[in-house]
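Thanks for coming. I will show one structure and walk through a few parts of it.

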Amino acid sequence: MLPLLREPTFSEKWLPPLTSIIGFLELLKDTTVLDDHQQELVDSATTSAKNLSFLVNDILDFTRLDSGNFMLDPKQVNIYICLESVIDIVHLKAEQAGLVLVLLVERKVPAMVVVDSGRLSQVLLNLLGNSVKFTSSGTVLLQVLCCGDGLRFDVQDTGIGFSVDQAAQLFEPFQQADKSITRKYGGTGLGLAICTRVVTLMGGMLEASSAGVGMGSLFHFTIPLSRTPNEGISIVSGELEVSSTTSAVPYSCPVPDVSVTTYQKLTETRVAVIDNHPERLCSTVELVSAFECDVLPFDSANAFMIESPAVSIVLYLPESKQNEELSHVLHGIRLVMRNHLEDDTEKIAVLCQLGDTALIQPHLQTKDDLLVLPLKSRQLLRCLTLNEPTSPITTLRDSRPNVGNIQRSDVYILLADDVLMNRRLVCAKLNQLGYPNVDDTNNGRECVDKLLSSPPDHYHLILMDVAMPVMDGREATRMIRESHTHGRVPIVGLTAHVQGAEHQECLDSGMNLVLTKPIVTTELQNAIFRYVSTH
């Protein structure tokens with residue numbers, strides 16, 4: 001490798017101009033009327049710049065691994081938060097491709113583990129990204145299982161698969177299963193080589209299998225499970241058991257800091273889950289079961305109404321979003337529930353994609369919930385507790401300022417980025433989306449000073465670059481979170497680094513979400529929708 005690649009400033013020199021080029025090309029395409037030939041030229045330039053950006057990132061990681069300058073940093077983490085963050089990043093691309101992305105965690109998997117969550121996220125993001133890229137229809141599944149004294153991670157898809165001959169070179173650097181794959185799908189051929197080396201450092205082995213070309217694929221690895229301090233988890237004869245020092249909340253509860261009182265109420269709660277997609281249904285059932293609720297699965301609303309079970313909560317993913325049909329189905333579900341309840345305490349929680357919320361919201365009652373996919377454990381817990389106080393499990397990552405439903409022109413956004421071109425690009429995208437009130441700063445220090453000198457709740461959202469001089473985005477975020485008056489403002493990180501390690505470090509610092517540069521306009525809009533109620 002060239003000595004230049006070993007310099008820590010390499011990515012800082014190359015990636016910012018690359019991401020700016022990609023961003024301005026996409027902005028040109030969105031704001032200018034182009035003829036077919038001009039459109040083709042812009043698309044070709046965008047694709048080339050993106051491929052170069054991916055290549056730079058992959059070479060940087062591979063070089064660090066090759067030189068031995070790649071250290072693990074294992075810490076105690078909640079595995080659910082780690083996995084849900086990964087799914088969050090991949091979800092939009094899967095949705096745009098018409099795929100169903102499913103996270104399935106075995107019920108007995110411990111919530112708190114000791115692992116380098118950043119590197120684990122990096123591997124899973126790469127494997128899931130490949131599955132989404134190489135799958136034209138069907139399902140991409142991330143499954144986590146207890147396996148002896150470790151955890152097994154499976155990434156399975158219904159994509160293009162590979163032959164026995166192709167499998168031999170999957171993990172070789174700069175290789176792909178077939179040259180035609182590079183021409184059709186792009187890529188550097190370094191992703192799996194990086195993954196296998198990272199997994200080896202973590203004490204595991206990355207393996208792959210496929211029934212053949214066109215038959216999908218399975219990538220899996222198992223890493224040792226370290227004992228988490230003060231959690232009472234022991235490993236006996238290959239099985240996870242709870243020691244006598246464990247509290248009344250079991251180690252497998254996805255939200256370990258839930259109060260004992262709330263947890264005991266959950267064990268007395270009966271929940272029905274309705275979803276016509278088998279893997280997604282199984283995923284939701286497992287997550288609800290992890291809270292020790294009594295769960296009944298149904299593959300259709302009709303099946304639920306025919307059986308007419310006694311439940312207090314229904315989690316329903318509509319088969320149809322047509323107004324009249326949806327309203328009729330929800331009414332039928334509510335009647336079934338009221339047949340078994342002494343008062344009107346039934347609750348329906350509708351699961352949907354972010355883009356469908358406006359269609360579904362009018363059909364819900366005040367006590368009902370609208371849960372945006374992908375479903376998260378803390379989000380689900382608030383639903384299962386029927387909106388009862390669940391202290392001490394408040395989380396900034398799910399917070400939203402109390403701004404009501406406001407006009408986009410009344411939303412105030414604070415931007416921090418040290419590169420002028422990046423600030424111009426983000427401001428242009430925000431203006432295009434209808435958000436004209438953007439204050440920009442050059443670094444984290446300026447951002448913190450600007451925020452703290454403003455009235456509380458003045459800014460509805462902060463867009464925070466990660467790598468900045470004077471004060472980087474992570475340190476600035478930590479300082480903001482320490483503020484009693486301004487600490488709850490949603491912060492979305494912006495980074496040119498695609499690996500999961502960087503993303504996880506940002507989330508650990510207190511950021512709500514991380515977007516990878518170049519910023520995709522739809523992803524930026526979705527982030528604003530998530531944390532600010534606008535119309």
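Start with a cysteine: Cys-506 is buried, with a relative accessible area of 0%. Buried means under 20% relative accessible area, exposed means over 50%, and partly exposed lies in between, with a 1.4 Å probe and protein chains only. Cys-447 is also buried, again at 0%. The structure holds zero disulfides, a disulfide being a pair of cysteine sulfur atoms within 2.5 Å.

A word on the source. This is a predicted model, where local features need pLDDT of at least 70 and side-chain atom pairs count only at pLDDT 80 or more, while totals for chains, interfaces and linings use all residues. Residues are numbered from 1 along each chain as its sequence is written, and side-chain values use heavy atoms, leaving out hydrogens and water.

Now the sheet. Five strands form an open sheet in the order 2-4-5-7-6, with mixed pairing. Strands are DSSP runs of E, at least two residues, and helices are runs of H or I, at least four, numbered from the N terminus. Two strands pair if DSSP finds at least two bridges between them. At the edges are strand 2 (100-105) and strand 6 (207-209), each pairing on one side only.

Strand 2 runs parallel to strand 4 (residues 139-147), over six bridges. In that pair, Leu-101 stands opposite Val-140 of strand 4.

Last, a loop. Where is Thr-345? Thr-345 sits between helix 11 (323-338) and strand 13 (347-352). Its relative accessibility is 38%, so Thr-345 counts as partly exposed. The C-alpha atoms of Thr-345 and Ser-312 are 7.1 Å apart, with 33 residues separating the two along the chain.
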